[in-house]
Amino acid sequence: MDEVCEGKDFSFPKYEEKILELWTEIKAFETQLERTKDQPEYIFYDGPPFATGLPHYGHILAGTIKDIVTRYQSMNGYHVTRRFGWDCHGLPVENEIDRRLNIKKREDVLNLGIDKYNEECRSIVTRYVEEWETIVWRTGRWIDFKNDYKTMDLKFMESVWWVFAQLYNKGLVYKGFKVMPYSTGCKTPLSNFEAGQEYRDVPDPEIMLAFPIIGDPHKASFVAWTTTPWTLPSNLALCVNANFVYVKVRNKYSGKVYVVTESRLSALPSEKPKPNVANGSVNDSKQSNPKTKGSSSGKTGDVVDSYELLEKISGASLVGMKYEPLFDYFVEFSDSAFRVVADNYVTDDSGTGIVHCAPAFGEDDYRVCSENQVISKGENLIVAVDDDGCFTAKITDFSGQYVKDADKNIIEAIKAKGRLVKSGTFTHSYPFCPRSKTPLIYRAVPSWFVKVEELKEQLLENNRQTYWVPDFVKEKRFHNWLENARDWAISRSRFWGTPLPIWISEDGEEVLVMDSIEKLEKLSGVKVDDLHRHKIDHFTIPSSRGPEFGVLRRVDDVFDCWFESGSMPYAYIHYPFENVELFEKNFPGHFVAEGLDQTRGWFYTLMVLSTALFGKPAFRNLICNGLVLAEDGKKMSKSLKNYPSPLEVIDNYGADALRLYLINSPVVRAEPLRFKKEGVHGVVRDVFLPWYNAYRFLVQNAKRLEVEGLASFIPIDQATLQNSSNVLDQWINSATQSLVYFVRQEMDGYRLYTVVPYLLKFLDNLTNIYVRFNRKRLKGRTGEEDCRIALSTLYNVLLVSCKVMAPFTPFFTEVLYQNLRKVSNGSEESIHYCKFPQEEGKRGERIEQSVARMMTIIDLARNIRERHNKPLKTPLREMVVVHPDADFLDDIGGKLREYVLEELNVRSLVPCNDTLKYSSLRAEPDFSVLGKRLGKSMGVVAKEVKAMSQEKILAFEKAGEVTIAAHCLKLTDIKVVRDFKRPDGMTEKEIDAAGDGDVLVILDLHADNSLFEAGVAREIVNRIQKLRKKAALEPTDIVEVYFKSLDEDKSLSERVLNSQDSYIADAIGSQLLRSAMMPSQAVNVCEESFHGISGMSFVITLTRPTLMFNLDAILTLYAGNIKFAQGLQTYLLSRDHSILKSEFQLGNGKITVSCIENLPPVDLVLGEHVFLTVGDYFSWTKKSG
């Protein structure tokens, strides 16, 4: 393996770019597809975005989810085709062209020419494709751009025609009038799910106006309330609720008589006379504060007191009464219109309980007027507002005015007629067109519909057959949407889209629907190479009834682009014209993923069309993500510049960090995420750096074997490692298998968001338990064989965890894998060609639990030390671990004992299973678990649980359950708390404890002079290690360490160095040498003085290893010739120390020196004539002395 740099010098973004170069060089994605082409298919549908804008975090999030799942399935042996798709038609494109060409009205397009307009649209559709490809590729997503699909492609459009023809043939298509949300900015109706995308709080006028009742003896008027004055010129009826009680009242001051529902009388104006005004009515019945939101100008009592009750009338008895029209634009409807009808949609929570109906501009208005024969279904409804939202010539007084602008003029006209009862403004949430940003109106439009309402039960059943993450989106949001689904208007009176394949004769009697290009060519006699409007609108088809019936012409409309994207599962593979077997063997598709907004969009249209076509859902599994918001909680906005660009974040922290940040957030559970780039940095700090450091530690110590002249590191096979006798090897092998099991389980359940927290814990355990507690083994201080077992275990753990995480972090795992594979024969060229790991061998649940408890013990003991200001460098005499589980106590008192004692610097550990010796027990009910389950019984149960005796608690722990107040409670329902019971005669400063409700740890805090020298030794070691770090030394860098006391009385330091020499040598990996032993030729690396350390002051010096000589032995080689001996020493000191060391290693401790001029050749023996370090020389002198 190649050497690797320090974590602080490792640039994650730069290494990701190197991996991109590698993937390009080896054609990684293409190779993966080729290698799996004969494997079972895993069908993934990629929802097509518009290419008219650049990708944002929402796209990156959805793309990451899709990439993780498809990579995982590929590693599981599936062939996963991933083709990028583009939504090319529809309003987003047309809206941009309208702005570019300053197109304001439909006529502007016709004057320009549909051909020119459509080609303008085509020209911008793929404008940002290159940028999309760059960003998507940089995020690590593998998807095919070269073999992409576009909704404007001929083959795609042909399949859309086929889909429509099937629906038409099944009787699921009809043409009708429907009041729909209408965008005057885009001059087209919108589907309900489009109309719900953008709401704003806006002020609108609210008025009450009078409709005089024809023939009423009191000259009473109905009072209706509306917030859309522009609809009043088209009024044809008034609607009441037959179940309400209405009142006829006379104003005591003005004499005017009004009819409103009894419960809304207070909404009328009081119309009291103004101060200083003589008796008489106020002609202008105007509310006192027109800006006030409520429905009354004064207190309720004032209003009611202003009116005299004439009579009460049932709503039902008002039906059929005629009233005077407000305007005379629709006098031709007088026989059937301008009368009262009744319906339950009228409420009394606002307004007057009387609703004005304009059937062309309200969904309920249209329904009620049709049902009550105010208008006739099927006739040409007069819609007095044109496509641009302006009044037609029919409305003579306001002709040409934009409806929302006309509100003010209409109110003035009503006032002039003396019909205005009250006016004001109120703020409410109002829908806006998500494209043109103009307010929507409701307008009756002719459209082609799919009978969704007829499919409702089948849609609900198909929804039940699908699996969603999170499931509440399926069970609530999507279910409710399907439950209330309306017939779907699939046509748009626009230009750039797939044309409806309907040809109709001039008399409307003959209708032909094309289901293929072949059929159109055959019937029209014209070759087809493009299906867009300007290419086929002029195609005519002779009537089958004969020449006298003329020709059939295509209807003008195009498909709603949601119909195209809903047809994607069939159209992207040109089904049924191609790929019939591929489709029919693998439908429904296995997986889709998009944002929460698609529950009313793409998810819905997929489900409707698949249900209509095949009676099946379109997909089996679905992940629905939430919205990515700016840090301030607002929508990300280019104009506000309230978010960092994706490429900026990737360039700073890397794509892997961004991927994990997004996946490890609420957004994958369909909740909103406030994006913070600091969160991405946190992933680098908390996930990638610890992971990298564990990998670096492996590489460093594997290279150390070579530096020390031992055989190169080759990992031991996994089967052998499984039999390791080392408890932490057993534990980390088991923990790795648990990681494999967990990630497989969660990925098979499409729960991506659970994986990162588990990985975080795994990496924390790997670095802070396995590597930390095994440093001596990994550094070779327990023997070469044990070192190789530990290194091989760490190697295998890193390799397996990289394979497990490869779908999530494709770059970093590839970086590590490319180096790890260098010591493994027969490895794959890329980690993404590897099989996803299978669980191998048994998981040791007992050892995993014991190590987890061991870490709890260590944390608890540290807490006790901190409370009593006893740093870890201060040795303590004894600790007691209290727990009822005998197996755990065996582990903690046996194979885990040395790790606990060393980590906590305690001399002795005493396991204790007598839980009452040091603690008293009490039981606490877990309210979070029991509250929902027990409901009202919770209070009784809680009281009895808290009153449980020690004996009952012990019996409960042993049995695993207890019955209280007829409820069976398990171990998870009751928390057993162990409170420390201090032994008699002991103070808190002498003995203290900490527990977590499971295990109790007790520390003996008595001062013990016999432990003092060990504590000082730890202080010295700590300073040496810090000095190594300060000198930027690698763990494999060998230095010699010298100690010099600065104290007048050096007896303490001498005692410590003598009594603790083996501990210090073990801790720093070499002898701690007295400064007096430092040779003059020693090269100083770093030096620092320390004062007041456990009452001592001293200097620590680090030097490069220095050659030492046995002069007597060398003189013997040269028969006592001092000049020759000095010449040899001079020559050896001039040599590179590491090269000289390697030569001795190659010669098994011997070298021959024959290159010194005028000196005879001699054979030198390491450890007899020459010593590579002062420490080696010092050890030799001690032995030989």
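In the predicted model, Trp691 and Met854 touch the most other members of the largest nonpolar core, a set of 136 residues. A nonpolar core is here a set of buried Ala, Val, Leu, Ile, Met, Phe, Trp, Tyr and Cys residues joined through side-chain atoms within 4.5 Å, where buried denotes under 20% relative accessible area (1.4 Å probe, protein chains only). Helix H24 (residues 677-707) supplies the largest share of this core, 14 residues. With residues up to four places away in sequence not counted, the contacts (heavy atoms within 4.5 Å) of Trp691 include Leu759, Leu798, Met805, Phe812 and Leu816. Another core, of 69 residues, lies apart from the largest one and has Val163, Ile517, Tyr604 and Leu622 among its members.

Six strands form an open sheet of mixed pairing in the order E10-E8-E9-E6-E5-E13. Helices (H or I, at least four residues) and strands (E, at least two) are DSSP runs numbered from the N terminus, and two strands pair if DSSP finds at least two bridges between them. Strands E10 (307-314) and E13 (420-431) stand at the edges with a single partner strand each, so one side of each lacks a neighbour in the sheet. From one strand to the next, the twist averages 30 degrees; axes are lines fitted to C-alpha atoms, for helices over the stretch in contact, and angles run from 0 to 180 degrees between N-to-C directions. Strand E8 (residues 245-251) pairs with E10 in the antiparallel sense over seven bridges, and Val247 stands opposite Lys312 in E10. Helix H13 (residues 403-416) packs on the sheet, touching strands E5 (199-212) and E13, and its direction makes about 25 degrees with that of E5.

Residues are numbered from 1 along each chain as its sequence is written, and side-chain values use heavy atoms, with hydrogens and water left out. Local features need pLDDT of at least 70 and side-chain atom pairs count only at pLDDT 80 or more, whereas totals for chains, interfaces and linings use all residues.

Conventions
Buried < 20%, exposed > 50% of the residue type's maximum accessible area, 1.4 Å probe, protein only.
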